[in-house]
Amino acid sequence: MKESSSKSQLLKSFRGKCAYCGTKLSVASMTIDHVFPKCKGGIRSKRNTKPACNFCNSVKGCLSIKDFRLKLKELATLDNERGQKARNKYDFSNPNDKLIN
């Protein structure tokens, strides 16, 4: 299967949104996140990949989902551009937000 075709299918399976923050994505703007990071032995498979915006994927990097949540909370406390972006993308006051709470 072609790279652009598989990216398109992955994005469609997540309704065209970042799997983490819900930002609307295009095939051109999405990155592919490996839930179990490749740097830790993760493989490229349907079960291990999610569409992600550049911000979420760059923050997550080689982190597990649990550590990604902690990193987002840590970022949100910073008084800089990345901290502001984290606060804008995630509702840290919402106890129903399953990613960060």
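## The loop that holds Arg15

Helices and strands are here DSSP runs, numbered from the N terminus, and in this predicted model the loop between α1 (3–13) and β1 is where Arg15 lies. The phi angle of Arg15 is near 55°, which is a positive value in a residue other than glycine. Arg15 has a relative accessibility of 72% and therefore counts as exposed, since the cut-off for that class is over 50%.

## The aromatic pair

One aromatic pair is found in the structure. The ring centres of Tyr20 and Phe68 lie 5.2 Å apart and the ring planes stand at 70°, so the pair is edge-to-face, a class that calls for planes over 60 degrees apart. Distant parts of the chain are linked by this pair, with Tyr20 in the loop between α1 and β1 and Phe68 in helix α3 (residues 65–76), 48 residues apart.

## The salt bridge

The count of salt bridges comes to one, and this contact is formed by the side chains of Asp33 and Lys60, at 3.4 Å from N to O. Because Asp33 belongs to strand β1 (residues 31–34) and Lys60 to helix α2 (residues 54–60), the pair ties together parts that are 27 residues apart in sequence.

Technical notes: Residues numbered from 1 in each chain as written. Predicted model: local features only at pLDDT ≥ 70, side-chain atom pairs only at ≥ 80, totals over all residues. Heavy atoms only, no water. Salt bridge = Lys/Arg side-chain N within 4 Å of Asp/Glu carboxyl O. Helix = DSSP H or I, 4+ residues; strand = E, 2+ residues; numbered from the N terminus. Buried < 20%, exposed > 50% of the residue type's maximum accessible area, 1.4 Å probe, protein only. Phe/Tyr/Trp six-rings, centres within 6.5 Å; stacked < 30°, edge-to-face > 60°.
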